[in-house]
Every structure is written in C-alpha cells, then in structure tokens.
Amino acid sequence: MQDAPDHDLQLAPDEQVTHILSEARMILPGLLSLLGLQIMSVFDDVFHDQLSPLDHALHFVALLLLAIGVALVMTPAAYHRQIAPTGIPRGLIPMASRCVGWAMLPLLLAICIDIYLVGKLALADHRLSVAVAVVLLLLFVGMWGVFPTLAARRHRRSARAAPAAGAPPHTPR
C-alpha cells in the first residue's frame, strides 16, 4: 500500500495492536527500574539523614505516581489478554492510546519530584533544585503535551486541505 505525501499510512488493526503493545514493552523496563530504585532509596542512610519528613512524603508521592503510570502502561496488554487473547477486542486501540497518553502525566510528575529530591541532595540548594524540576516539568509538558497537540492540529488541517483524489499532490515549498 503506497501512501500519499502528508497522509498517514493506515495500518491494519492487528498491526496497530502490535505497535501499541511493543511500545508498552519498550517503556516498561525503564519504569520498573525507576520504581525499584525509588523503593531501594528509602533503605539508604542519606534518605533518612539528609531529607526532611516533607521530602520523605514527596518521595512516597513520586513512588505512587510511578506505580500509577506503570498500571496505565500495562492496562492495554492486560485488557487484551483477558478480553480477547486470540483477537482484537472492540475499542482496544483507542483505549490503549488513552492509557499511554494518561500514563505520561503521573510519570512526568514522578520524575520531576525525584529530580527535585536528588537535586536537593546533590546541589545542596533548595531553590536551584526547585528551578531545575520546574524547567524539566515545562520541558516534559512541552515535548509530551504541547508539541504533539500542535502537530495533531497541523496534521488535521493539512488532511482537510488535501487535494481531491486524482489531483496532483501538493509539493511543500
């Protein structure tokens, strides 16, 4: 199947599911590693000696957020296996896209909280640690939220303005 310039290649539903589940398999090891490191850090003397009770609570919130992100990333695979292991259940593809999209929010918050805590220890400067975490938060929101939203709008606009079938394709300048 040839795809025209500026148009999506339409994948068969089984290929879409394969891509979605592959993305989850690629993301999951990193998430589980981060989760393990967060759990292990509470057994370190530095955690107890140099972080305040508020910092301990922030760390726990980050741990919970990361666990929520893992649950959201794993939901499509669990749903698929239980509902229709030999087929593609109706609604799987949009549900999986929503789950992965929603997983980004707790993940970015967890990472930013952890960056703040590590920065507080490594830089010994509360304000600088907050600034770094906020800059990272803005970067995540920009790259994971604003950039895809703007690209999707541009994509929809170009799809609406696409020439009729049989007309010569538009050549970008």
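The axes of helix H1 (residues 13-41) and H4 in this predicted model come within 11 Å and cross at roughly 20 degrees. That angle makes H1 roughly parallel to H4, where angles under 35 degrees count as roughly parallel, over 145 as roughly antiparallel, 65 to 115 as roughly perpendicular and the rest as oblique. Axes are lines fitted to C-alpha atoms, for helices over the stretch in contact, with angles from 0 to 180 degrees between N-to-C directions. The chain has 5 helices and 0 strands, in the order α-α-α-α-α; helices (H or I, at least four residues) and strands (E, at least two) are DSSP runs numbered from the N terminus.

**Basis of the values**

- Residues are numbered from 1 along each chain as its sequence is written, and side-chain values use heavy atoms, with hydrogens and water left out.
- Local features need pLDDT of at least 70 and side-chain atom pairs count only at pLDDT 80 or more, while totals for chains, interfaces and linings use all residues.

**H1 with H4**

- H1 passes H4 in a left-handed crossing, meaning that the near helix is turned anticlockwise from the far one by less than a right angle (clockwise would be right-handed).
- On the H1 side the contact (heavy atoms within 4.5 Å) is made by Pro13, Gln16, Val17, Ile20, Leu31, Leu34 and Gln38.
- H4 contributes Leu92, Ile93, Ala96, Leu107, Ile111 and Asp114.
- By class, this contact of H1 with H4 has 10 nonpolar, 2 polar and 1 charged residues; Ala, Val, Leu, Ile, Met, Phe, Trp, Tyr, Cys and Pro count as nonpolar, Asp, Glu, Lys and Arg as charged, and the others, Gly among them, as polar.

**H1 with H3**

- The axes of H1 and H3 come within 9 Å and cross at roughly 155 degrees, and the two helices are therefore roughly antiparallel to each other.
- This crossing of H1 past H3 is left-handed.
- Residues of H1 in the contact include Val17, Leu21, Leu31, Leu34 and Gln38, and those of H3 include His59, Ala62, Leu63, Leu66 and Val73.
- The contact of H1 with H3 has 19 nonpolar, 4 polar and no charged residues.

**Gln38**

- Gln38 is found in helix H1 and is buried, with a relative accessible area of 2% (buried is under 20%, exposed over 50%, partly exposed in between; 1.4 Å probe, protein chains only).
- Leaving aside neighbours within four places in sequence, Gln38 is in contact with His59, Ala62, Leu63, Leu66 and Asp114.
- Gln38 and Leu63 are 25 residues apart in sequence and 6.5 Å apart in space, C-alpha to C-alpha.

- Ile113 is in contact with Leu58, Val61, Ala62 and Leu65, leaving aside its neighbours within four places in sequence.
- Of the 173 residues of the chain, 25% count as buried.
- Among contacts in the chain with a separation of 6 or more, residues 24 or more positions apart account for 68%.

**Ala124**

- Ala124 is found in the loop between helix H4 (92-123) and helix H5 (126-160).
- Phi of Ala124 is near 55 degrees, a positive value in a residue other than glycine.
- Ala124 counts as exposed, at 69% relative accessibility.
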